[in-house]
Amino acid sequence: AAGNKEEAAGNREEVARLAARVLELEEALQRAQAESGGGGGEALERLEDRVQDLELQLGQAQLDTAEAKAAAVRWRGVAEATKHDVAEARKALAEAQAGEG
(Lines give C-alpha, C1' and ligand atoms only; values in the text may rest on other atoms or scores of the structure.)
Protein backbone atom coordinates (compact mmCIF):
# COMPACT_ATOMS: atom_id res chain seq x y z
CA ALA A 1 0.00 0.00 0.00
CA ALA A 2 2.87 2.36 0.81
CA GLY A 3 4.34 1.67 -2.61
CA ASN A 4 1.03 2.63 -4.24
CA LYS A 5 0.95 5.90 -2.28
CA GLU A 6 4.52 6.70 -3.34
CA GLU A 7 3.72 5.82 -6.96
CA ALA A 8 0.57 7.96 -6.91
CA ALA A 9 2.51 10.88 -5.41
CA GLY A 10 5.18 10.49 -8.08
CA ASN A 11 2.51 10.35 -10.77
CA ARG A 12 0.86 13.51 -9.42
CA GLU A 13 4.22 15.29 -9.48
CA GLU A 14 4.81 14.14 -13.06
CA VAL A 15 1.32 15.30 -14.09
CA ALA A 16 1.93 18.71 -12.51
CA ARG A 17 5.36 19.01 -14.14
CA LEU A 18 4.03 18.05 -17.57
CA ALA A 19 1.00 20.32 -17.25
CA ALA A 20 3.27 23.26 -16.42
CA ARG A 21 5.50 22.41 -19.38
CA VAL A 22 2.50 22.17 -21.73
CA LEU A 23 1.29 25.60 -20.59
CA GLU A 24 4.77 27.02 -21.01
CA LEU A 25 5.07 25.66 -24.54
CA GLU A 26 1.56 26.76 -25.46
CA GLU A 27 2.46 30.30 -24.37
CA ALA A 28 5.66 30.12 -26.41
CA LEU A 29 3.62 28.86 -29.36
CA GLN A 30 1.18 31.76 -29.05
CA ARG A 31 4.07 34.25 -28.85
CA ALA A 32 5.71 32.69 -31.90
CA GLN A 33 2.44 32.83 -33.84
CA ALA A 34 1.92 36.46 -32.85
CA GLU A 35 5.48 37.40 -33.80
CA SER A 36 5.23 35.65 -37.14
CA GLY A 37 1.94 37.36 -37.91
CA GLY A 38 0.10 34.04 -37.62
CA GLY A 39 2.23 32.53 -40.38
CA GLY A 40 3.79 29.10 -40.33
CA GLY A 41 7.41 28.18 -40.36
CA GLU A 42 9.46 25.16 -39.53
CA ALA A 43 10.28 26.31 -35.99
CA LEU A 44 6.61 26.90 -35.32
CA GLU A 45 5.72 23.43 -36.59
CA ARG A 46 8.38 21.87 -34.36
CA LEU A 47 6.99 23.79 -31.40
CA GLU A 48 3.45 22.63 -32.20
CA ASP A 49 4.70 19.05 -32.45
CA ARG A 50 6.44 19.39 -29.09
CA VAL A 51 3.26 20.73 -27.48
CA GLN A 52 1.27 17.79 -28.87
CA ASP A 53 3.92 15.34 -27.63
CA LEU A 54 3.82 16.83 -24.14
CA GLU A 55 0.03 16.77 -24.14
CA LEU A 56 0.20 13.05 -24.91
CA GLN A 57 2.71 12.54 -22.08
CA LEU A 58 0.44 14.52 -19.77
CA GLY A 59 -2.52 12.35 -20.72
CA GLN A 60 -0.50 9.20 -20.05
CA ALA A 61 0.68 10.53 -16.68
CA GLN A 62 -2.92 11.35 -15.75
CA LEU A 63 -3.96 7.84 -16.78
CA ASP A 64 -1.13 6.34 -14.71
CA THR A 65 -2.25 8.41 -11.72
CA ALA A 66 -5.84 7.23 -12.13
CA GLU A 67 -4.67 3.61 -12.36
CA ALA A 68 -2.54 4.01 -9.23
CA LYS A 69 -5.52 5.49 -7.36
CA ALA A 70 -7.72 2.60 -8.52
CA ALA A 71 -5.12 0.08 -7.37
CA ALA A 72 -4.94 1.77 -3.96
CA VAL A 73 -8.74 1.58 -3.65
CA ARG A 74 -8.68 -2.11 -4.63
CA TRP A 75 -5.98 -2.90 -2.08
CA ARG A 76 -7.85 -0.95 0.59
CA GLY A 77 -10.89 -3.12 -0.18
CA VAL A 78 -8.82 -6.31 0.02
CA ALA A 79 -7.39 -5.18 3.36
CA GLU A 80 -10.88 -4.46 4.74
CA ALA A 81 -12.19 -7.83 3.53
CA THR A 82 -9.19 -9.57 5.08
CA LYS A 83 -9.78 -7.81 8.42
CA HIS A 84 -13.40 -8.95 8.29
CA ASP A 85 -12.38 -12.54 7.50
CA VAL A 86 -9.87 -12.54 10.39
CA ALA A 87 -12.51 -11.20 12.77
CA GLU A 88 -14.95 -13.92 11.66
CA ALA A 89 -12.29 -16.62 12.09
CA ARG A 90 -11.42 -15.35 15.58
CA LYS A 91 -15.10 -15.34 16.52
CA ALA A 92 -15.53 -18.90 15.27
CA LEU A 93 -12.40 -19.99 17.15
CA ALA A 94 -13.61 -18.35 20.36
CA GLU A 95 -16.98 -20.06 20.00
CA ALA A 96 -15.31 -23.40 19.38
CA GLN A 97 -13.04 -22.97 22.40
CA ALA A 98 -16.01 -21.97 24.57
CA GLY A 99 -17.81 -25.10 23.43
CA GLU A 100 -14.84 -27.25 24.50
CA GLY A 101 -14.49 -25.59 27.90
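Visitor: How many residues does α1 have, and what distance does it reach?
Guide: α1 has 34 residues and reaches 49 Å from its first C-alpha to its last. That is close to the 50 Å expected at 1.5 Å a residue. Please keep in mind that this is a predicted model.

Visitor: Noted. What follows α1?
Guide: Glycine 37 follows α1, and its phi is positive, near 70 degrees.

Visitor: And α2, what should it span?
Guide: Helix α2 covers residues 42-100, which is 59 residues. At 1.5 Å a residue they should span 87 Å, and the end C-alpha atoms are 86 Å apart, so the two values agree.

Visitor: How do α1 and α2 pack, at what angle?
Guide: They pack at an angle of about 160 degrees, and their axes are 8 Å apart. An angle over 145 degrees counts as roughly antiparallel, so α1 is roughly antiparallel to α2.

Visitor: Is the crossing left-handed or right-handed?
Guide: The crossing of α1 and α2 is left-handed.

Visitor: Which residues of α1 are buried?
Guide: They are Asn4, Ala8, Asn11, Val15, Leu18, Val22, Leu25 and Leu29. These buried residues pack against α2.

Visitor: Which ones are buried on α2?
Guide: On α2 the buried residues are Leu44, Leu47, Val51, Leu54, Leu58, Ala61, Thr65, Ala68, Ala71 and Ala72. They pack against α1, residues 2-35.

Visitor: Which residues make up the largest nonpolar core?
Guide: That core has eleven residues. Val15, Leu18, Val22, Leu25 and Leu29 belong to it, along with Leu44, Leu47, Val51, Leu54, Leu58 and Ala61. The elements giving two or more residues to this core are α1 and α2.

Visitor: Which element gives the most to this core?
Guide: α2 does, with six residues.

Visitor: Let's zoom in. What is valine 51 in contact with?
Guide: Setting aside neighbours within four places in sequence, valine 51 is in contact with Leu25 and Glu26.

Visitor: How about alanine 61, is it buried or exposed?
Guide: Alanine 61, which lies in helix α2, has a relative accessible area of 7%. Buried means under 20%, so alanine 61 is buried.

Visitor: What does alanine 61 contact?
Guide: Leaving out residues within four places in sequence, alanine 61 is in contact with Asn11, Glu14, Val15 and Leu18.

Visitor: And how many residues separate alanine 61 from alanine 19 in sequence?
Guide: They are 42 residues apart in sequence, and 9.8 Å apart in space, C-alpha to C-alpha.

Visitor: Now threonine 65, where is that found?
Guide: Threonine 65 is found in helix α2. This residue is buried, with a relative accessible area of 7%. Not counting residues up to four places away in sequence, threonine 65 touches Asn11, Arg12 and Val15.

Visitor: One last stop: is arginine 76 buried or exposed?
Guide: Arginine 76 is in helix α2 too. Its relative accessible area is 52%, and exposed means over 50%, so arginine 76 is exposed.

Visitor: What distance separates arginine 76 from leucine 44?
Guide: Their C-alpha atoms are separated by 48 Å, and the two residues are 32 residues apart along the chain.

Technical notes. Residues are numbered from 1 along each chain as its sequence is written. This is a predicted model: local features need pLDDT of at least 70, side-chain atom pairs count only at pLDDT 80 or more; totals for chains, interfaces and linings use all residues. Side-chain values use heavy atoms; hydrogens and water are left out. Helices (H or I, at least four residues) and strands (E, at least two) are DSSP runs, numbered from the N terminus. The expected span of a helix is 1.5 Å times one less than its number of residues. Buried means under 20% relative accessible area, exposed over 50%, partly exposed in between (1.4 Å probe, protein chains only). Contact means heavy atoms within 4.5 Å. A nonpolar core is a set of buried Ala, Val, Leu, Ile, Met, Phe, Trp, Tyr and Cys residues joined through side-chain atoms within 4.5 Å. Axes are lines fitted to C-alpha atoms, for helices over the stretch in contact, and angles run from 0 to 180 degrees between N-to-C directions. Angles under 35 degrees count as roughly parallel, over 145 as roughly antiparallel, 65 to 115 as roughly perpendicular and the rest as oblique. A crossing is left-handed if the near helix is turned anticlockwise from the far one by less than a right angle, and right-handed if clockwise.
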